[in-house]
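Me: Got a model I'd like to talk through. Can you take me through the helix packing and then the cavities?

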Amino acid sequence: MKRALRIAVLAFAALGLPMARTMAEEQDTVSVDAETEGVIHGALAYLAKQQGFNGSWTGEGGTAAEPVAMTGYALMAFISTGNLPDGGEYGRNVTSGMQFLLNQVQPDGLFRDVQQGKYMYNHGIATVALSEIYGETGSPLLRQRLQQMVSVIVNAQSPLGGWRYTPTSRDADVSVTVLQVAALRAAKNAGLAVPQDTIDRAIAFVGKCYNEGAGGFAYQPGGPAGFARTAAAIYSLQVCGKYDDPEVAKGSDYLFANDSEKQAWWPYGCYYAAPAQYMIGGDVWKRWYGEMKDKLLSTVIRDGDADYWDEKRSTRLGPIYDTAVFVTILAMPYHYIPLYQR
């Protein structure tokens, strides 16, 4: 916990942002109980067993089947529980996963061997994970690679202000945009340069996706609101510093009213809904975490010393993706991820 608090303080100081809530105050509000901790340990054991010899993880379908993206999600699960290249029970897994990602980065900052049709999903989550690791390790080699990766994101911003599937897209959507702004915020937390104009344009794009009638956000401007879209949008606004935007509060209410594990892409939506509600804090976060914990503990699959999830009806991306996402959510009260702090 001391290391988590130190990381957060340094991150806020670098950004010139005040700490609205201390880690101790947040821990008093929401904590990880013994049962949840046991499931977290079992899920980490499961993920460790699924890691490939080259340090990567691979999902079952869609973008998450690709090792660059899936390794990013898995690394975030380990980092969220305090595992880093220099320590932790699964430090070796983090080291090999990190090295796999670094080995895939080309001199221009692009990852090799990635499905080009949805490239920016891979790039975004991998940049988030490596930024979080760099924020703790300070590796000069990692910094150089990260700055190249950040430049790719900045240059890939579309004329609309958001991001789409490829680095040369001319349009944008919130599902790709959220990973890019999260990556930029994680990189900025770690001390890398991020143009403010890039952030301002992203905020403007996300704002245009707001559906006033529904109180939620659309995939693209003018479209219908949805759970995952709203989660991605209000999280995007918060990592861009718009914590007290009225539309964030309305989006939070929308998430409570429309949360259902039976809907398509529910794990994906929860991956952004959880940190969005966490940054709102107080009773909002306490209620959200309590409801999520109950759902996840009731659906976890036990297999010896390994625990995992497989939400086939809602995600179709496989148990590695689901498990990485849900561990990261359950472990949020540990406060190991600076990106999730206000």
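**Helix packing and cavities**

Reply: Start with helix 4 (residues 67–79) and helix 14: their axes come within 8 Å and cross at roughly 35 degrees. Axes are lines fitted to C-alpha atoms, for helices over the stretch in contact, and angles run from 0 to 180 degrees between N-to-C directions. Helices are DSSP runs (H or I, at least four residues), numbered from the N terminus. This is a predicted model, where local features need pLDDT of at least 70 and side-chain atom pairs count only at pLDDT 80 or more, while totals for chains, interfaces and linings use all residues. Residues are numbered from 1 along each chain as its sequence is written, and side-chain values use heavy atoms, with hydrogens and water left out.

Me: Which hand is the crossing of helix 4 and helix 14?

Reply: Left-handed. That term applies if the near helix is turned anticlockwise from the far one by less than a right angle.

Me: Which residues make the contact?

Reply: Helix 4 gives Met-70, Tyr-73, Ala-74, Met-76 and Ala-77; helix 14 gives Ile-320, Tyr-321, Ala-324, Val-327 and Thr-328. Contact means heavy atoms within 4.5 Å. By class there are 9 nonpolar, 1 polar and no charged residues. Ala, Val, Leu, Ile, Met, Phe, Trp, Tyr, Cys and Pro count as nonpolar, Asp, Glu, Lys and Arg as charged, and the others, Gly among them, as polar.

Me: What about helix 13 and helix 14, at what angle do they pack?

Reply: About 140 degrees, with the axes of helix 13 (residues 282–299) and helix 14 (residues 319–330) 10 Å apart. That makes helix 13 oblique to helix 14. Angles under 35 degrees count as roughly parallel, over 145 as roughly antiparallel, 65 to 115 as roughly perpendicular and the rest as oblique. The crossing of helix 13 and helix 14 is left-handed. Tyr-289, Met-292, Lys-293 and Leu-296 of helix 13 touch Phe-326, Ile-329 and Leu-330 of helix 14. The classes there are 6 nonpolar, no polar and 1 charged.

Me: Switching topic. How many cavities of 30 Å³ or more are there?

Reply: 3. A cavity is a set of points, on a 1 Å grid over the protein atoms alone, where a 1.4 Å probe fits but cannot get out; lining residues have an atom within 4 Å of a point. The largest cavity has a volume of about 70 Å³. Volume is the space filled by probe spheres set on the points, which are joined across faces, edges and corners.

Me: What lines the largest cavity?

Reply: Met-76, Ile-125, Val-128, Leu-179, Ala-182, Tyr-235, Tyr-271, Tyr-272, Leu-339 and Tyr-340.

Notes
Helices (H or I, at least four residues) and strands (E, at least two) are DSSP runs, numbered from the N terminus. On a 1 Å grid over the protein atoms alone, a cavity is a set of points where a 1.4 Å probe fits but cannot get out, and a pocket is an open set with protein on both sides within 12 Å along at least five of seven lines; lining residues have an atom within 4 Å of a point.
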